[in-house]
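Work through the exercises below with the sequence and the 3D view side by side. Try each task before you read its solution.

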Amino acid sequence: SDAGTLKRIDFSHIKAGSNFFSQTAFMDNLASNTTVSNNTLTQLFASSTERFDLGSNYSSGTYTIPTTGYYVFYFFACLNSEANSNLRDSQILIRCSKDSGTDYQAIGNFNSNNSRRILLSCSTGCDNFTSGDTLKAFGYINSGDGSTSLFDGSQDPLTWWYGYRVH
């Protein structure tokens, strides 16, 4: 007992670790529908609506890892063949430059149950990335008859991705 004497403590001894989110987080979404060529893997978000980029690590659809650590990236897309029962298969992926290209992907294959519109999502999970690694988001649509296909962006936000460092 200190007979009621108040003690002081230096905040630096009890504060939480670094706030990685405030230094690494970004979010981007398509501001309008983005037409893609049929059966062609296409980079998305090269010209889009950047929602925020807290560490200035994101530019023209490419995120560059600023410091080595564990990160999470998430990609959500609305794919549209613009014709009923015309969407045969599709794919979205987050591609990382490390190890000669690592893909984190979601694939939709509808076989004989073709659709018009589908929602897909994919994530890197919590993975270790090295300073200088780059990540980009891609999409692929097979519309069956080769007609126009697109990633919906007209109803903000239907197609978007984000990421940040967690540790």
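Two strands pair if DSSP finds at least two bridges between them. Strands (E, at least two residues) are DSSP runs, numbered from the N terminus. The model is predicted: local features need pLDDT of at least 70, side-chain atom pairs count only at pLDDT 80 or more, and totals for chains, interfaces and linings use all residues. Residues are numbered from 1 along each chain as its sequence is written, and side-chain values use heavy atoms, with hydrogens and water left out.

**Exercise 1.** Find the strands that pair with strand 12.

*Solution.* 
1. Start at strand 6 (residues 62–64). Three antiparallel bridges tie it to strand 12. Here T64 stands opposite T134.
2. Go to strand 8. It runs antiparallel to strand 12, with eight bridges. R95 faces K136 in this pairing.
3. Finish at strand 3 (residues 42–43). Two bridges link it to strand 12, again antiparallel. Q43 has F138 as its bridge partner.

**Exercise 2.** Explain why strand 12 is largely enclosed.

*Solution.* Count its buried residues (under 20% relative accessible area). Seven of the nine residues in strand 12 are buried, so the rest of the structure largely encloses it.

Note on methods. Buried < 20%, exposed > 50% of the residue type's maximum accessible area, 1.4 Å probe, protein only. Helix = DSSP H or I, 4+ residues; strand = E, 2+ residues; numbered from the N terminus.
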